[in-house]
Amino acid sequence: MMGAVKLGRVYDDPHDGTLRVLVDRLWPRGFHRDDPRVGRWLPNVAPSNELRRWYGHDPARFDEFARRYEQELSGGEQAAAFAELSGLVSARPVTLVTATREVGLSHLAVLGRLLDAAGSP
């Protein structure tokens with residue numbers, strides 16, 4: 001059975017007892033490696049630098065970004081990282097976190113949808 005998946009910003013205080021998984025390729029500025037707002041870091045599940053730069057958080061490009069990102073997640077190190085993330089989510093409630101301001105227009109929205117779909121019968 002899938003655990004619950006929540007989405008949030010890494011800068012938010014942890015308060016719900018879920019495992020917080022940072023899914024950004026870059027470590028957030030101002031954070032120590034032992035910061036309690038990050039429980040695990042899975043940088044390889046994040047979009048490639050090339051895709052991230054192309055997207056630039058332009059809302060008009062989100063649908064194409066999501067399509068390309070899903071394609072990236074289907075192979076290589078990103079597929080392995082997604083499988084690891086899926087395993088974490090199946091074991092317990094998880095909050096995916098990012099430094100991005102617009103969570104709903106970020107890779108978290110894509111990951112959340114994919115994880116929900118993976119848990120559906």
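This is a predicted model: local features need pLDDT of at least 70, side-chain atom pairs count only at pLDDT 80 or more; totals for chains, interfaces and linings use all residues.
Reader: Is Asp35 buried or exposed?
Author: Look at relative accessible area: under 20% is buried, over 50% is exposed, and in between is partly exposed (1.4 Å probe, protein chains only). Arg37, at 21%, counts as partly exposed. Asp35 has 9%, so Asp35 is buried.

Reader: Which residue forms a salt bridge with Arg25?
Author: The closest N and O atoms of this pair are 3.9 Å apart. Arg25 sits in the loop between β2 (19–22) and β3 (40–41) and its partner in helix α3, so the pair ties together parts 52 residues apart in sequence. Helices here are DSSP runs of H or I with at least four residues, strands are E runs of at least two, and both are numbered from the N terminus. The partner of Arg25 is Glu77.

Reader: Which helix holds both Glu64 and Arg68?
Author: Their side chains meet in a salt bridge of 2.9 Å, N to O. Arg67 joins in too, as Glu64, Arg67 and Arg68 are linked in a network of salt bridges. Glu64 and Arg68 are four residues apart, about one turn of the helix, and that helix is α2.

Reader: At roughly what angle do α2 and α4 cross?
Author: Axes are lines fitted to C-alpha atoms, for helices over the stretch in contact, and angles run from 0 to 180 degrees between N-to-C directions. Under 35 degrees is roughly parallel, over 145 roughly antiparallel, 65 to 115 roughly perpendicular, and the rest oblique. This pair is therefore oblique. The axes of α2 (residues 62–72) and α4 (residues 107–119) come within 10 Å and cross at roughly 55 degrees.

Reader: Which residues of α4 make the contact with α3?
Author: The axes of α3 (residues 76–91) and α4 are 11 Å apart, at an angle of about 65 degrees. Contact means heavy atoms within 4.5 Å. From α3 come Phe82, Leu85, Ser86 and Val89; from α4 come Leu111, Leu114 and Leu115.

Methods. Residues are numbered from 1 along each chain as its sequence is written. Side-chain values use heavy atoms; hydrogens and water are left out. A salt bridge is a side-chain nitrogen of Lys or Arg within 4 Å of a carboxyl oxygen of Asp or Glu.
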